[in-house]
Amino acid sequence: LESEETRKLLVELCAKHQVDCSPPQTTARLLDKLVGHFIEPSCINPTFITEHPQLMSPLAKWHRTDKRLTERFEVMCVGREIANAYTELNSPTVQRERFEDQMKQKKSGDDEAQEMDEGYCQALEYGLPPTAGWGLGIDRMCMFLTDTCNIKEVILFPAMKPELNTNNSEVVPVVNGKAVSNNP
């Protein structure tokens, strides 16, 4: 999966099936878009998608029997992801390498790539016992209940950022691209 030949094949498949994948067109992003187009919409009943490729799961531990895969699953229902879970990677060396790869992807334009978390890598150096992550928050339930496709549409704070009002130099919050005034 990590070859340039595979990446080019995935680019061709996305073009052929009119699946949009904005740059950078990494293998992981292309696979994610194709899965979102072909597999996720057909997961009407509760469905587990398991054993994701390693390159799609930078924080997950490799699979015990196949190092190309991870110990990860997503729960899908009505075409939406409602939970994401995985065995956490607990090797500080491998985790640091993955964070560095993610930072390269972020610099090339992947806004979903992770930042380096040196504090987490240092904690791993002290010794992290086997752990697992499970993501089923109120945000995912809100997505499910409101028929929303993007998690950013139901999380208020990341979408809220201050914007300078040039008329009176007052800082006003912005929610979903619109200024929200504190004055009635």
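## Sheet and strand order

Two strands are taken to pair if DSSP finds at least two bridges between them. On that basis, this predicted model contains an open sheet of four strands, arranged in the order β1-β2-β3-β4 with antiparallel pairing. Strands β1 (47-50) and β4 (132-135) lie at the edges; each has a single partner strand, so one side of each is left without a neighbour in the sheet. From one strand to the next, the twist averages 20 degrees.

Strand β2 covers residues 72-77 and strand β3 covers residues 80-87; six bridges pair them in the antiparallel sense. Among the residues involved, Phe73 has Ala85 of β3 as its bridge partner, and Glu74 has Asn84 of β3. Two residues separate the strands in this hairpin, where Val78 adopts a positive phi near 55 degrees.

How many of the residues of β3 are buried? Eight of its eight residues are buried, and the strand is described as mostly covered.

Helix α5, formed by residues 138-146, packs on the sheet and touches β2, β3 and β4. The direction of helix α5 makes about 155 degrees with that of β3.

Technical notes. Residues are numbered from 1 along each chain as its sequence is written. This is a predicted model: local features need pLDDT of at least 70, side-chain atom pairs count only at pLDDT 80 or more; totals for chains, interfaces and linings use all residues. Side-chain values use heavy atoms; hydrogens and water are left out. Axes are lines fitted to C-alpha atoms, for helices over the stretch in contact, and angles run from 0 to 180 degrees between N-to-C directions. Contact means heavy atoms within 4.5 Å. Buried means under 20% relative accessible area, exposed over 50%, partly exposed in between (1.4 Å probe, protein chains only).
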